[in-house]
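Dear colleague,

Please find below the structure that I am handing over to you.

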Amino acid sequence: MPVPPADAASCPLGTHLARALDDVDAGLCVGYSGGPDSTALLHALAALPRARALGLRALHVDHGLAPDSRQWAQACRTLARRLEVPLEVVRVDVARDAGDGLEAAARDARYRALGAALHEGERLVVAHHRDDQAETFLLRALRASGPDGLRGMRTLRPLGRGLLWRPLLDLSRATLADYVRAHALPVVEDPANADLRHDRSRLRGEVMPSLAARWPHVAAAFARSAALCAEAADLLEREDAAALARAQGLDPATLHVHALAAQPAPRRARLLRRWVAGLGLPPLPAVGIDAIERELLPAPADALPAFAWRDVRILRWGGLLHAGTARAPLPADLDLAWEARGRLALPGGGWLDVEPVAGATPGTGEPLRLRVHARRGGERIRLPGRAHSHALKHVLQDLGVPPWERTRLPLVSSLDGELLAAGDLVVSARMRDLLDARALRLVWQN
Ligand SMILES: Nc1ncnc2c1ncn2[C@@H]1O[C@H](COP(=O)(O)OP(=O)(O)OP(=O)(O)O)[C@@H](O)[C@H]1O
């Protein structure tokens, strides 16, 4: 059997793939485990001239977990060579101490490796089918998922520089098994698939066959339910995105309390989770949603309630929720000498610096001799154009600087003890003159 015979293209799997390829304009890279499903997929694609024209290659990930994993990789090489499809074998390290989570650790390592190996715009084609989708649906139902989880696996999603594509979600495992038999394809079976200690194997080996004995259409029904959940989840997502855009403040890390409160509670929970995820913060736990509902939303305007998890937190301040990394205040005894030449690192991250003013003639002048310290309370500052000094506290309040930012604000003073600046938010008349003479401006990164 050199390349697949032409009749491979005219069987149910071949015609299904040929139709699916009509909308594709990208190189194809098959995730080839050596098992029956991805072997059928690879073989059927290799028989399609359109797939060859788009560019067809395969990747096999060797997890190194089974004693004979190298032989599996070798078996994959052999078939790929016969099909004249270039194959790359990628070896990954899976943390063996993952225990019960070994399956998940292997899957994470596999997708990381597959994603990293994808070319720009290329599609990683995997052989997940309708029975896999039905199992995923049931597994997620057993974990009490809502529509977002019950939607199951997506046909297409971003992966690395390309896309992960599952074109076989409408075909049954039996269709693929028929194909393997009809073409007498060599396959390797991972014994872990038969290990009933794994949830998925237990579903596949016991639960689904038992359900199918009474309801033969069980896999098709669960897969259909997953598709219906996907439709509902898509509608919800679109509405969430619109509601979130309306509720968000000018700074994406803020959310208007009144806009959030106007939504029904289940939608509020969705918006909060989406907001936090969009900021790249760790997932907001259910207790966080509860705390926001019970303590943050009803809080009086002068309170500063917060919910913290991992190293991040959400605070209510005035009419807004603020999300971000929790930062320790500057140490009360902070006192650093600074000549305003080069960046001064601040404890807990952030820095203070000076920058040349764009377009201005570079200034000269003695280095500045300054002190950088934390707020102690009671400081006053004389602002440009004002005859009298003002309490810094009032100036910061007028500027709307949030309390947690005030505790991180580095104050800059002269050696004779005059307050010259608070971060780059407030600059005194004397400091303005000193900086102007040198064509510099102050920059603070919190
Ligand atoms: N080691 C691997 N290397 C490359 N691709 C893989 C690997 N394991 C799985 N895949 C891809 O992901 C799909 C789904 O993985 P899953 O573990 O559910 O399948 P499997 O039991 O290995 O099935 P099969 O090998 O029969 O396709 C596979 O069909 C295959 O396309």
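How do the residues of the shell around the ligand divide into nonpolar, polar and charged? In this predicted model, six of them are nonpolar, seven are polar and three are charged. The residues around the ligand number 16, and those that come nearest are Gly 31, Ser 33, Gly 35, Asp 37 and Ala 127. Two elements, α2 (36-46) and β2 (56-62), each give two or more residues to this shell.

I turn next to the sheet. Six strands form an open sheet with mixed pairing, in the order β3-β2-β1-β4-β6-β5. At its edges are β3 (87-91) and β5 (156-159), each of which pairs on one side only. From one strand to the next, the twist averages 30°.

Within the sheet, strand β1 (residues 28-31) runs parallel to β2, and four bridges join the two. Val 30 has Ala 58, in β2, as its bridge partner.

Two helices that pack on the sheet also deserve mention. Helix α4 (residues 69-83) touches β2 and β3, and its direction makes about 170° with that of β2. Helix α5 (residues 102-117) touches β1, β2, β3, β4 (123-125) and β5. The direction of helix α5 makes about 150° with that of β2.

Yours sincerely

Terms used:
Residues numbered from 1 in each chain as written. Predicted model: local features only at pLDDT ≥ 70, side-chain atom pairs only at ≥ 80, totals over all residues. Near = placed C-beta within 6 Å. Nonpolar A, V, L, I, M, F, W, Y, C, P; charged D, E, K, R; others polar. Pairing = 2+ DSSP bridges. Axes fitted to C-alpha atoms, helices over the stretch in contact; angles between N-to-C directions. Contact = placed C-beta atoms within 7 Å.
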